[in-house]
Amino acid sequence: MIYTKLPHTEIEVSKICLGTMTWGNQNTEEEGHEQINYALDKGINFLDTAELYPVPAHKDRYADTERVIGNWFKKNGNREDIVLASKIAGKAEMTKFIRTTGFTREAIIEAVEGSLTRLQTDYIDLYQLHWPDRNTNYFGQRGYKHDISDHWEDNIHQVLETMRDLIREGKIKHVGLSNETPWGTMRFLEESKVHVTLPRTITVQNPYSLLNRLFEVGMSEIAMREQVGLLAYSPMGFGALSGKYLGDRMPEGSRLSLFPQYNRYIGDTAVEATKKYYELAQANGLTLAQMALAFVNTRPFVTSTIIGATNLRQLEENIGSIDVTLSDDVLKEIEAIHGSIPNPAP
């Protein structure tokens with residue numbers, strides 16, 4: 001395994017992070033525990049979860065993923081071996097059963113306290129805002145459309161004040177963003193620069209894959225110049241970059257067969273690009289999954305790549321990508337495909 005540091009900290013994390021959003025729905029608690037044990041054996045020390053998980057969000061399964069992890073901690077007692085990240089859900093129609101207030105002080109404190117209880121831990125290493133509570137473009141929205149009826153009041157100072165107080169209490173250690181834009185990222189950074197007692201944002205968890213490289217437009221410069229590490233999620237495009245959906249296949253039990261609403265990675269142009277990437281991988285003796293993950297792993301702005309799997313075979317292949325080196329020729333061909341079909345799955 002390769003290790004990096006969370007920016008502006010001395011915390012070492014594995015270059016591959018174990019995502020958990022299937023535990024409690026597609027995966028049982030026992031399977032989740034098997035995945036943690038296998039990942040630890042392979043050198044992974046970084047887990048990412050959220051109060052929203054498992055997905056899709058549903059009140060009957062609310063925060064069950066955190067409970068799975070908490071029960072693992074209770075059984076194994078080695079909390080200090082794990083760097084743990086979690087998130088507060090943003091305001092949305094799908095999260096009304098959680099809360100409707102957005103990121104108020106009371107909401108953040110409630111969310112952190114709830115996560116700590118479920119996770120059976122005294123602290124969370126990295127606490128993230130799952131998505132902005134203002135109107136902006138995320139979750140597949142390619143461009144920003146301003147809504148003049150949106151009367152969002154800039155609450156970023158208050159959010160960071162609350163996070164600072166939770167850090168002082170030892171309940172969280174660091175602050176991160178997720179599904180954030182260049183404007184939002186810089187707004188958080190500037191607030192902590194002007195008000196030096198406020199915590200600095202150290203990471204942003206956004207989608208990044210061969211099918212969605214929009215992070216490179218605007219956000220990558222911020223990541224490099226401001227040292228905000230990308231925690232890349234959906235590096236496999238919801239499994240599309242395994243190639244298993246090519247040829248109009250829909251494997252039984254696959255994520256997209258169970259949740260067809262998550263179809264952004266299997267549109268016509270995304271499938272066309274995936275075919276080209278698949279052929280490139282095959283021509284170079286690689287699996288498409290490992291080529292896709294190896295590409296993400298080696299981007300200079302990526303702190304850690306979040307992988308998810310529903311079985312140990314997938315997990316083994318995904319973790320094995322850390323040992324894959326892409327040749328200059330393969331990288332050139334990837335750029336050629338990207339140039340002809342850029343970002344087909346925003």
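**Loops, barrel and helix contacts**

Author: I would begin with Pro54, which sits in the loop that runs between strand S4 (46–48) and H2. Please keep in mind throughout that this is a predicted model.

Reader: OK, and what kind of peptide bond joins Tyr53 and Pro54?

Author: The bond between Tyr53 and Pro54 is cis, with an omega of about 10°. There is also a cis peptide bond between Val55 and Pro56, where omega is about -5°, and Pro56 again belongs to the loop between S4 and H2.

Reader: Now backbone angles: what is the phi of Asn179, and where is Asn179 found?

Author: Asn179 has a positive phi, about 50°, although it is not a glycine. The residue is found in the loop that lies between S7 and helix H5 (182–194).

Reader: Switching to the sheet, which strands close into a barrel, and in what order?

Author: Eight strands close into the barrel, in the order S3-S4-S5-S6-S7-S8-S9-S10, and their pairing is parallel. On average, and with direction ignored, neighbouring strands of this sheet are turned by 30° against each other.

Reader: And which helix packs on the sheet there?

Author: Helix H4 (residues 156–168) packs on the sheet, where it touches strand S6 (124–129) and strand S7 (172–178), and the direction of H4 makes about 150° with that of S7.

Reader: How many bridges join S9 to S10?

Author: Three bridges join strand S9 (residues 229–232) to strand S10 (residues 302–307), and the two strands run parallel. Within that stretch, Leu231 stands opposite Ser304 in S10.

Reader: Helices next. At what angle do the axes of H1 and H2 cross?

Author: The axes of helix H1 (residues 29–41) and helix H2 (residues 64–76) cross at roughly 60° and come within 9 Å, so H1 and H2 are oblique to each other. Their crossing is right-handed.

Reader: Which residues meet there?

Author: From H1 there are Glu29, Gly32, His33, Ile36, Asn37 and Leu40, and these meet Val68, Asn71, Trp72 and Lys75 of H2. By class, the residues of this contact of H1 with H2 divide into four nonpolar, four polar and two charged.

Reader: And how do the axes of H2 and H3 cross?

Author: The axes of H2 and helix H3 (residues 105–119) come within 7 Å and cross at roughly 45°, which makes H2 oblique to H3. On the H2 side the contact is made by Glu66, Arg67, Ile69, Gly70 and Phe73, and on the H3 side by Ser115, Arg118 and Leu119. The residues of this contact of H2 with H3 divide into three nonpolar, two polar and three charged.

Reader: Last topic: what feature does UniProt place at residues 15–337?

Author: The UniProt record, an unreviewed entry, places the feature "domain: NADP-dependent oxidoreductase" at residues 15–337. In the model, that span is 38% helix and 13% strand, and its end C-alpha atoms lie 26 Å apart.

Conventions:
Residues numbered from 1 in each chain as written. Predicted model: local features only at pLDDT ≥ 70, side-chain atom pairs only at ≥ 80, totals over all residues. Heavy atoms only, no water. Axes fitted to C-alpha atoms, helices over the stretch in contact; angles between N-to-C directions. Helix = DSSP H or I, 4+ residues; strand = E, 2+ residues; numbered from the N terminus. Parallel < 35°, antiparallel > 145°, perpendicular 65-115°, else oblique. Left-handed = near helix turned anticlockwise from the far one by under 90°. Contact = heavy atoms within 4.5 Å. Nonpolar A, V, L, I, M, F, W, Y, C, P; charged D, E, K, R; others polar. UniProt positions renumbered as here; feature names shortened; annotations may be inferred. Pairing = 2+ DSSP bridges.
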